[in-house]
Amino acid sequence: MAIKWTVDPMHSEVQFKVKHLMITTVTGYFQTFNVEVETENDDFSTASKILFTADVNSINTNNEQRDTHLKSADFFDADTHGKIKFVGNRYEKRGEDEAQLHGDLTIRGITKPVTVNVEFGGIVVDPYGQTKAGFTINGKISRKEFGLTWNAVTEAGSVVVADEIKLLAEIQLVKQA
């Protein structure tokens with residue numbers, strides 16, 4: 001029988017980083033997201049289901065004007081494509097606490113294979129008797145591969161927004177009874 005794990009949103013965060021004008025980095029967060037995992041036991045390499053979704057309308061870069069632009073058709077087109085989805089299809093251990101997670105990422109209706117690095121933080125029972133597992137996830141994608149092609153060029157000829165997006169997440173899962 002499969003063991004179900006769900007995200008603990010109070011102890012998890014999903015962020016992205018992108019170079020602006022190629023000199024500084026802007027950080028953004030998805031404030032509403034979900035993670036569901038099913039495993040055979042407490043070994044995540046047995047995962048039969050790994051599903052991550054994020055609500056595009058929950059994007060927050062600490063700048064309302066920029067967030068509105070990111071939700072527009074220039075970028076995520078939240079009215080048409082309100083969710084970002086990642087379906088994991090292989091959790092590959094690379095040592096005691098390291099793994100690679102392979103899966104399909106869908107942004108703006110475009111699905112591409114993506115691999116992210118996973119650092120497994122371990123499994124503990126919290127003070128309330130809940131079993132929790134922790135993960136640090138990082139990876140990189142090309143935003144242009146997912147149809148996020150908007151850009152502008154400065155007078156000096158440098159791009160305003162880089163193509164490479166760094167993905168970072170701290171995920172705490174709760175084992176379901």
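This is a predicted model: local features need pLDDT of at least 70, side-chain atom pairs count only at pLDDT 80 or more; totals for chains, interfaces and linings use all residues.
Local features need pLDDT of at least 70 and side-chain atom pairs 80 or more, while totals for chains, interfaces and linings use all residues. Residues are numbered from 1 along each chain as its sequence is written, and side-chain values use heavy atoms, without hydrogens and water.

**Exercise 1.** Describe the lining of the largest pocket.

*Solution.* Start with the terms. A pocket is an open set of points on a 1 Å grid over the protein atoms alone, where a 1.4 Å probe fits, with protein on both sides within 12 Å along at least five of seven lines; lining residues have an atom within 4 Å of a point.

Next, count: 47 residues line the pocket, and Val-14, Gln-15, Phe-16, Phe-30 and Leu-167 lie nearest its centre. Then sort them: 39 are nonpolar (Ala, Val, Leu, Ile, Met, Phe, Trp, Tyr, Cys, Pro), three charged (Asp, Glu, Lys, Arg) and five polar (the others, Gly among them). Finally, strand E11 (residues 161–175) gives the largest share, seven residues.

**Exercise 2.** Trace how E9 pairs with E8 and with E10.

*Solution.* Strands are DSSP runs of E, at least two residues, numbered from the N terminus; pairing takes at least two bridges. First, E8 (98–107) and E9 (110–125) run antiparallel, joined by ten bridges, with Thr-106 partnered by Thr-111. Two residues separate them in a hairpin, where Arg-108 has a positive phi of about 55°.

Now move on: E9 pairs antiparallel with E10 (131–142) over eight bridges, and Asn-117 stands opposite Asn-138. This hairpin has five residues between the strands, and Gly-129 takes a positive phi near 85°.

Methods
Helices (H or I, at least four residues) and strands (E, at least two) are DSSP runs, numbered from the N terminus.
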